[in-house]
Amino acid sequence: MRLSVLTFLLSLCVGTGCAFAQEAPLRVAIVGLEHGHVSGFLKQFPKQHEVQLVGIVDDDQALSHRYAQEFHLDSSMFFPQLEAMIAARHPQALLVYTSIGKHRQVIEAAAQHGLSVMVEKPLTMSLEDALAIRRAAREHHIQVLVNYETTWYASNKAAYDEAAKGSLGDLRRIVVHDGHEGPKEINVPPEFLKWLEDPEQNGDGALYDFGCYGADLVTWLMHGESPLSVTAVTQTDKPQLYPRVADESTIILRYPKAQAVLMGSWNWPFSRKDMEVYGATGYAITVGADKLRLRTKGQQQETESLSPPLTPPNDGSLQYLAAVLQGTLKPNGDLTSLETNVVVMQILDAARQSSREGRTIKLAPLPK
């Protein structure tokens, strides 16, 4: 009996793992619409095939209606409660866009269902929460990942690669600048602003909102090492706009043979996310998302070049998430991994304590 062409090709794929045998899209659901970054993700979905959006959870009916209208989403996708959505839509993973203060609650609920989670930065509010999240992830064998815009900057990967191959020598100093003019000044949506300026839901304004980027990058460059100490200074330069949280922050991290300075601010004249990495024999300075200034030993002047583009699946959050859950990529100590981000929370928690108490906080390595 002759096989049809389709049957033959399918049988060939089984035997050879041919390229056109595609994985089924990962079924994901969004939890929360109060984080303004969710708009960017909703714009991505029609343009890629790694994931399929199957449900959205938010108990604010007006907000749900607004997003349904803006992105032409069927009203049947929206649910007021997580449990009801999971029962009806059977997602394989959750994308969390709640306030930071709700992350632990959502992750622990997802773990009970064996659902992996990707949250918007930072991981949570405190080291205590981060360790509880890690316990839940280990107990229920789920992935917990943290998304940062700067993870997908080719310039950061290029700087990391220069350090990794030794062209900068032993790292001595890392300086990271992150922030913008302020959430009110750039007109973030009201539901986003509401929790950004609430210390119970955001940690402490710019300290958490933008200090987390630097803490993530430095922990990655330092291969997951906790700093010996954290010293932080915060202030509110615009109390008429942000009376309850800091709009200016500086964090100093001390390592055995290096220092890092993280400057997160709602007071920059323009939006910026850039990093300077200095070693004993050279430096690498990122310029935006895709350029690198570099000078190493023996060079008379620095060069500036376009960074090599990131390669799939490490070139975007949804591609990365799909690869992790399909088992083709392991998040071992990278910018998105849970282990890296537990250290990030150790840093942020100590920074908040340092700024409140006016003293340096000494740290010990975290238990594995």
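Which residues is Ile 174 in contact with, leaving aside its neighbours within four places in sequence? Contact here means heavy atoms within 4.5 Å, and the residues that Ile 174 meets in this way are Val 218, Leu 221, Met 222, Gln 259, Ala 260, Val 261, Met 275, Glu 276 and Val 277.

This is a predicted model, in which local features need pLDDT of at least 70 and side-chain atom pairs count only at pLDDT 80 or more, while totals for chains, interfaces and linings use all residues. Residues are numbered from 1 along each chain as its sequence is written, and side-chain values use heavy atoms, with hydrogens and water left out.

## Nonpolar cores

Ile 174 also belongs to the largest nonpolar core, which has 82 residues. A nonpolar core is a set of buried Ala, Val, Leu, Ile, Met, Phe, Trp, Tyr and Cys residues joined through side-chain atoms within 4.5 Å. Buried means under 20% relative accessible area, exposed means over 50%, and partly exposed lies in between (1.4 Å probe, protein chains only). The residues with the most contacts inside the largest core are Leu 94, Leu 123, Ile 174, Val 218, Ile 251 and Leu 253. Helix H13 (residues 338-357) gives the most to this core, with nine residues. Another core lies apart from it and has 33 residues, among them Leu 26, Ile 30, Met 77 and Leu 329.

## Strands and sheets

Helices (H or I, at least four residues) and strands (E, at least two) are DSSP runs, numbered from the N terminus. Two strands pair if DSSP finds at least two bridges between them.

On one pairing, strand E8 (residues 229-235) joins E9 in the antiparallel sense over seven bridges, and Leu 253 is the bridge partner of Val 230. E9 also pairs with strand E10 (residues 259-265), in the antiparallel sense and over seven bridges. Here Glu 248 has Ser 265 as its bridge partner, and a hairpin of four residues joins E9 to E10.

Elsewhere, an open sheet of six strands has the order E3-E2-E1-E4-E5-E6, with parallel pairing. Its edge strands, E3 (78-79) and E6 (144-147), each pair on one side only. Strand E2 (residues 51-57) runs parallel to E3 and is joined to it by two bridges; in E3, Phe 79 is the bridge partner of Val 57.

## Charged side chains

Side chains of opposite charge can pair when their charged atoms come close. A salt bridge is a side-chain nitrogen of Lys or Arg within 4 Å of a carboxyl oxygen of Asp or Glu, and the structure holds 18 of them.

| Salt bridge | N to O distance | Relative accessibility |
|---|---|---|
| Lys 102 and Glu 34 | 3.1 Å | Lys 102: 34%; Glu 34: 16% |
| Arg 66 and Glu 191 | 2.7 Å | Arg 66: 35%; Glu 191: 14% |
| Glu 185 and Lys 238 | 2.6 Å | Glu 185: 31%; Lys 238: 14% |

Glu 185 lies in the loop between strand E7 (171-179) and H8, and Lys 238 in the loop between E8 and E9, so this pair ties together parts that are 53 residues apart in sequence. Because its relative accessibility is 31%, Glu 185 counts as partly exposed; Lys 238, at 14%, counts as buried. A further group, Arg 104, Glu 108 and Asp 129, is linked in a network of salt bridges.

## A buried charge without a salt bridge

Asp 204 is placed in the loop between helix H9 (199-202) and helix H10 (206-209). Asp 204 is buried yet has no salt bridge, and the nearest side chain of opposite charge, Arg 356, is 5.4 Å away. A polar atom of the Asp 204 side chain lies 2.9 Å from the backbone nitrogen of Ala 246. Not counting residues up to four places away in sequence, Asp 204 touches Thr 234, Val 245, Ala 246 and Ser 355.

Key: Lys, Arg positive; Asp, Glu negative; His and termini not counted. Polar contact = N/O pair within 3.5 Å; in protein donor to acceptor, adjacent residues only side chain to side chain.
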